[in-house]
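This report covers selected local features of one model. The sequence and structure come next.

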Amino acid sequence: MQQWWFPNFRLGVESQELIKSLQTKVGSLPSTTGATISRIAFPTVANAPVTSGFGWRQHPITGERKFHTGIDFAASIGAPIYATDAGIVEFTGEKGGYGNTVIVKHTSVSTLYGHASKLYVTPGQKVTRGQMIAAVGSTGMSTEPHLHFEVRVNDKPQNPRPYLQQFTANSYSQRMRAFLATIRWAETGTEGDESYRKLVFNGTFNHFSTHPLIKQCALINGKRVCSTAAGAYQMLDKSWYDLQPKLKLTDFSPASQDKMAVEYIRRNQAIADIEAGNLDAALKKLGRVWASMPYNNYNQADSGDTRDLTDLEKNDTSFSIKPRYWISRGEVESKLNDKWNNDWLLGWRDICRSTDERTVISSIFPKSACGDTVLLMLPQVDNKKLISCLVTNLNSLTFDFVARQKVAGTHLKFFTMRQLPVLPPESYTQEDINFITPRVLELVYTAWDMQPFAQDMGYEGEPFIWNSNQRALLRAELDAYYAKLYGLTRDELRYILDPADIYGADFPSETFRVLKNNEIKQFGEYRTQRLA
């Protein structure tokens, strides 16, 4: 192991500092003339199915992994494309991979409509909400007829889903509709007619500032923003992928949001409590599926217990672990002094048991005090992207396989880590760094408290949404890449994953037995082996 990765220093405090206060991002797009962009009309024919969402995906033509900056709606050629709000046409014509495109400007907000077959408006023309401005086509980089729709704020693409408001659900009681309106408020951030101004739970409150759980809310810009809204957003983001195919939902309208919410509420037997206005009882039942609820019991100081985070909590980019012990930031800074000047740390878990899936569990985490079971590594290199390569190396299957042969007990101390085969910085080419670092960024930057690391990596965007399937694919790509960096053959990697895959089921040796058994139980297959 290269010693200059690893100076002789250890942060030996016995408590953990607060990482960061809970941050909740709730906002709305700016208003436009004559309409509010936060309640936009649907951009094409009703019930047009979503064929591709906002976020990272494999490009259907080039095959490369690329960020999809809008939502695709399947529709036949010639189907109408509507302006979602009043504005002025900023651009019409061919625009690269978008094909025939219309861009409508709404103050600092604009909407983009791509792959059209026909354009019915011209630059400078004023359009009204719901006006037909183009027809669906398959121009540009397109494999089938569809509308590519984007919402942009200051020319930066935003997730359009929260703003696709078209219908109003009236099939539920007044109290149920008020509960569901919470979700629409979380999605739109608006104070319109369907917003939190109409929320009434048995007369308990009619505004978020008077919510009975206001003490559980985060202080943002001098005002308390209720965690109910953040929780609603997390539930929707999770439930769309879970319930959309089961409920056969065709859009992300308020009606669909209501159906998703009702299904989650029904599954947790909380409908009767909501109907009766018994909010506390309902929240206790929904705590496990609604990320920001105060009944999640992650307050270890009160419960004396620990647990794994739920996927919903991991999906919450504002969620932070509440520590059991506290220490002043000045104490942490004085310990680090001139040894480390970043607002994040790199370390690994000392405890490594035979029942764990991996021996080496390493991570980049916010700068904070940590106990003696979190051992720190302070790389003395200026290139932060090389440090991201280091943490990937430590978490690779190949590195873990070697560690398993070396560690005799349940501790992975400094003297052992120094003997393990870490790739030196000079072994990485620019091509290697370009492949590794964007994947590390997406795996690490899933919450705002890791923004300093993202900025050091040259990324100024929002945190990446926690997607378990996407993360498994990213880890597999990195595992395979590091196997190549270590010079392994395909069969040698197969042996590391499972010797029985090479020598047959009777071979008397195992490597990642716990990982294999857990994945077979959860997914019905050894997923890591297949992906890598």
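## Helix α15 and its cover

In this predicted model, the elements covering the buried residues of helix α15 include α10 (397-406), α14 (468-485) and α18 (527-531). Helix α15 spans residues 490-497, and its buried residues are L493, I496 and L497. Because these residues cover an arc of only 95° around the axis, they sit on the same side of α15.

## The sheet β18-β17-β19

Three strands form an open sheet in the order β18-β17-β19, with antiparallel pairing. The edge strands, β18 (362-366) and β19 (374-377), each pair on one side only. From one strand to the next, the twist averages 45°. Strands of a sheet pair through backbone hydrogen bonds, in either a parallel or an antiparallel arrangement.

Four bridges join strand β17 (residues 344-349) to β19 in the antiparallel sense. L346 has M377 in β19 as its bridge partner. Helix α9, made up of residues 384-394, lies across β17, β18 and β19 and runs at about 15° to β17.

## Residue H59

H59 is located in the loop between β4 (55-58) and β5 (65-68). Its relative accessibility is 11%, so H59 counts as buried, the cut-off being under 20%.

When neighbours within four places in sequence are left aside, the contacts of H59 are with E64, K66 and M141. H59 and M141 are 82 residues apart in sequence, and their C-alpha atoms are 9.8 Å apart in space.

Methods
Residues numbered from 1 in each chain as written. Predicted model: local features only at pLDDT ≥ 70, side-chain atom pairs only at ≥ 80, totals over all residues. Heavy atoms only, no water. Buried < 20%, exposed > 50% of the residue type's maximum accessible area, 1.4 Å probe, protein only. Helix = DSSP H or I, 4+ residues; strand = E, 2+ residues; numbered from the N terminus. Arc of directions from axis to C-beta. Contact = heavy atoms within 4.5 Å. Pairing = 2+ DSSP bridges. Axes fitted to C-alpha atoms, helices over the stretch in contact; angles between N-to-C directions.
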